[in-house]
Amino acid sequence: MIERYLCIHGHFYQPPRENPWLEETEIQDSARPYHDWNARITAECYEPNALSRILDEKNRILSMVNNYAKMSFDFGPTLLMWLEKKAPKVYQAIQEADRESRNTFSGHGSALAQAYNHMILPLATSRDKYTQILWGIRDFEYRFGRAPEGMWLPETAVDRETLGILADMGIKFTILAPHQAERIRLKGTETWSTVKAGDLDTTQPYLLHLGSGKEIALFFYSGPISRAVAFEHLLNRGEEFAQRLMSGFSQDRTDPQLVHIATDGESYGHHHQFGNMALTYALHYLESNNFVRITNYGEYLEKAPPLYEVEIVENTSWSCAHGIERWRNDCGCNSGAHPEWNQSWRAPLREALDWLRDMLVPLFETKAAELLKDPWSARNDYIAVVLNRSADTVEDFLTTHSLRPLNEREKVNALKLLELQRHTMLMYTSCGWFFDELSGIETIQIIQYASRALQLAEEFLEDNHLETGFLTSLELAKGNSPQHPDGRILYDERVRPAVADMKKIAAHYAVYSLFAAPSQNATLYCYQLVPKKDYHSFERQKARGAVGNVEVISLLTRESATLVFGVVYSGDLKAVCGVKESPAVLNYQEIILRLQNSLSHGEATEPEHVLQECFDGSVYSFKSLYRDDQKRILGFIVDAVLSGPDGLHSRLQETCIPLAQHYSSLNLSLPLALKPGLKCVLENQLRQTLRDETFEVQRVHAVFEQAALMKISFDRDFLEEVFTPPIERLSHSLPSLSHDLLTLERLDSTVDILRTYSLTAGIWKLQNAFHEILHGIYPKWRVEARQGNQDAQEWLRKISSLSEKLSFRVPL
């Protein structure tokens with residue numbers, strides 16, 4: 001009997017994208033229509049793989065499966081942290097997949113750990129290698145509730161020291177590319193055979209001896225099939241994918257064979273649309289026909305221990321033909337999108353970061369040694385705080401590692417020093433070098449991490465010589481963009497504006513307070529804001545302003561500051577705010593009076609001059625706000641302009657609609673000049689209707705019917721924007737209200753709207769919610785219907801109707 005085993009590994013990873021001062025990801029325009037790239041790839045890949053469709057011959061949904069439960073996978077720790085906050089259902093599906101895989105695969109979970117922030121480990125210091133691997137393991141244990149058996153190495157970049165650390169920490173195996181094997185020999189023999197291109201038998205594991213009794217198993221994935229998945233459109237058809245996987249088995253062998261592939265997990269949906277469904281089909285087809293036994297690496301290693309030993313080609317990776325040069329030199333590896341560009345910036349960028357890292361080591365060791373028993377041991381354990389920043393966790397950590405009981409100022413300093421080290425590691429995230437241009441968002445991201453490390457370090461120094469030295473080195477990095485020809489200019493134009501301090505956070509709060517009532521103990525990004533009793537607001541015609549004070553507390557370092565602010569919005573889309581440390585005594589009324597008088601003069605710059613004088617030059621404009629806040633506050637302003645009693649929408653409604661009706665009564669075509677105003681009115685009507693928690697479906701239809709009569713069509717981006725919130729609300733509430741016939745009626749009507757206007761994204765969301773009903777209360781109600789329960793029978797009829805509209809094949 002031929003023993004055929006199959007394992008498909010997905011490496012799911014996105015670089016950390018959070019603003020280092022906010023711990024939140026800002027809007028990324030290149031990810032439109034989504035907020036950022038994490039959100040986009042979640043919608044295109046991570047979520048679809050958690051609920052992947054199996055279709056029948058009529059394209060009806062037979063079932064939805066969690067692909068993660070049938071494959072081997074690793075997720076980047078920083079990506080999982082984002083998913084936990086922003087896409088909790090996807091995050092929970094990933095955790096559930098690992099639990100399910102343990103039941104399926106003889107107690108072996110399919111999830112692998114990953115080195116913490118995707119640092120290229122052969123280029124790291126020994127100390128950083130250790131911490132990156134340890135943090136990856138601790139993060140894995142926190143999220144999956146078990147110790148990892150395997151670990152994915154970033155870009156499969158490998159050297160013996162890294163593998164030795166893995167073995168020391170109990171990691172049993174990792175996955176490499178076939179070209180990373182140098183030579184092999186049968187266990188117990190002396191003769192080595194050099195591995196030639198394409199010769200390595202990838203259907204079995206290998207054992208690497210690391211000295212001192214240490215060893216680790218290595219799986220070398222099938223290069224040709226993996227390459228076809230990633231780059232040759234193999235996922236266009238599930239049938240072809242299944243056939244290609246079967247081609248990896250030898251018909252002449254009776255010993256166990258493992259065909260296994262490894263690609264970016266994003267291949268299954270993001271890089272290749274519907275790639276998740278091709279994966280689902282192939283796995284279902286091969287397993288249901290008993291062509292293969294699906295397994296994971298841990299289970300297969302137990303069933304078929306290595307028969308051969310191997311030695312590796314050190315300092316190699318899966319994504320650079322030149323070893324690991326892609327992350328330190330202009331080796332020629334790039335995306336191919338801009339063949340005229342060069343990547344000569346890579347070397348000076350790494351040299352600048354290496355210089356900064358090495359300069360920060362003695363600072364950290366000296367300052368931390370005054371507070372902590374063993375600074376580097378404390379850094380290793382700091383992952384516990386990163387994973388759970390509760391007050392209890394922080395106190396337990398400090399109690400364990402402090403030399404003595406620390407006062408509040410010393411606790412703040414200890415946390416700042418450890419945050420400094422966290423950012424010093426984050427600045428080595430591999431994507432900073434992977435792509436083509438110095439001014440790419442991934443490279444800007446790692447330079448921002450360096451800037452945050454500099455900011456934290458210079459609080460312990462008497463001058464800013466570190467930033468000066470860093471920028472001198474960074475200036476040698478020459479980009480391809482005329483707007484950002486070198487690293488220093490890039491730093492000044494794209495990194496400095498992102499820097500935050502307590503005053504800037506207070507300015508955000510102050511400007512926001514003009515448009516929404518300030519609340520007690522608000523949270524803004526990674527800061528807590530505690531308003532004090534002094535808050536004085538005023539209005540003058542269209543202008544408004546306020547003077548007050550607020551305590552700003554960092555939720556990461558516990559640093560706090562009480563700051564006083566004055567802010568003015570002049571009514572012409574211009575907001576100006578001054579901030580300074582709160583003095584013992586402050587005459588708020590005097591500042592308010594001066595600001596009111598400045599508004600009376602009619603000069604646009606006058607309030608800014610007053611704030612400059614009153615707040616010692618620390619003045620922030622609307623441009624100083626972070627982009628999400630700019631968008632949010634502009635939303636308030638736009639709503640007031642458009643939707644107020646005297647707003648544009650009301651005026652257009654009063655003028656355009658009667659005109660349109662008059663043209664219609666005379667059977668005349670609408671003039672083109674009238675249509676933009678009518679479209680604006682109808683869009684507003686639709687937006688306002690859909691804002692209601694339980695919107696009236698007939699009103700929605702009425703708006704579309706009116707638009708059709710006027711020969712006005714809505715833009716697809718607009719429809720997606722206004723329908724997304726109500727669809728999200730309905731999807732979330734549906735499983736818990738699925739017994740309610742009125743809720744099902746709303747769902748039925750909503751599906752009709754989405755089908756009529758081809759809003760497929762909304763249909764997909766509702767299918768997911770409907771699937772929960774079918775796997776929840778549906779079996780119970782079907783039994784009750786068969787037993788004569790009339791309510792259950794009516795409910796079942798509605799479910800039957802919905803199943804057809806949502807393209808499900810449901811047994812009744």
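Q: Phenylalanine 173 and tyrosine 297, buried or exposed?
A: Both are buried in this predicted model.

Q: How far apart are the ring centres of those two, and at what angle are the planes?
A: The centres of phenylalanine 173 and tyrosine 297 are 5.8 Å apart and the planes are at 45°, so the pair counts as tilted.

Q: Which parts does that pair tie together?
A: Phenylalanine 173 is in strand 7 (residues 173–176) and tyrosine 297 is in helix 9 (residues 297–303), so the pair joins parts that are 124 residues apart in sequence.

Q: How many aromatic pairs are there?
A: The count is 38. Ring pairs also link a cluster made of Phe12, Tyr46, Tyr68, Phe73 and Phe75.

Q: What sits over the ring of tryptophan 376?
A: The charged end of arginine 127, 3.9 Å from the ring centre. Lysine 580 has its charged end over the ring of phenylalanine 615, 5.8 Å from the centre.

Q: Last one: where is aspartate 629, and what does it contact?
A: Aspartate 629 is in helix 22 (residues 627–643). Leaving aside neighbours within four places in sequence, aspartate 629 contacts His508, Leu524 and Tyr525. With 3% relative accessibility, aspartate 629 counts as buried.

Key:
Residues numbered from 1 in each chain as written. Predicted model: local features only at pLDDT ≥ 70, side-chain atom pairs only at ≥ 80, totals over all residues. Heavy atoms only, no water. Helix = DSSP H or I, 4+ residues; strand = E, 2+ residues; numbered from the N terminus. Buried < 20%, exposed > 50% of the residue type's maximum accessible area, 1.4 Å probe, protein only. Contact = heavy atoms within 4.5 Å. Phe/Tyr/Trp six-rings, centres within 6.5 Å; stacked < 30°, edge-to-face > 60°. Lys NZ or Arg CZ within 6 Å of the ring centre and 35° of its normal.
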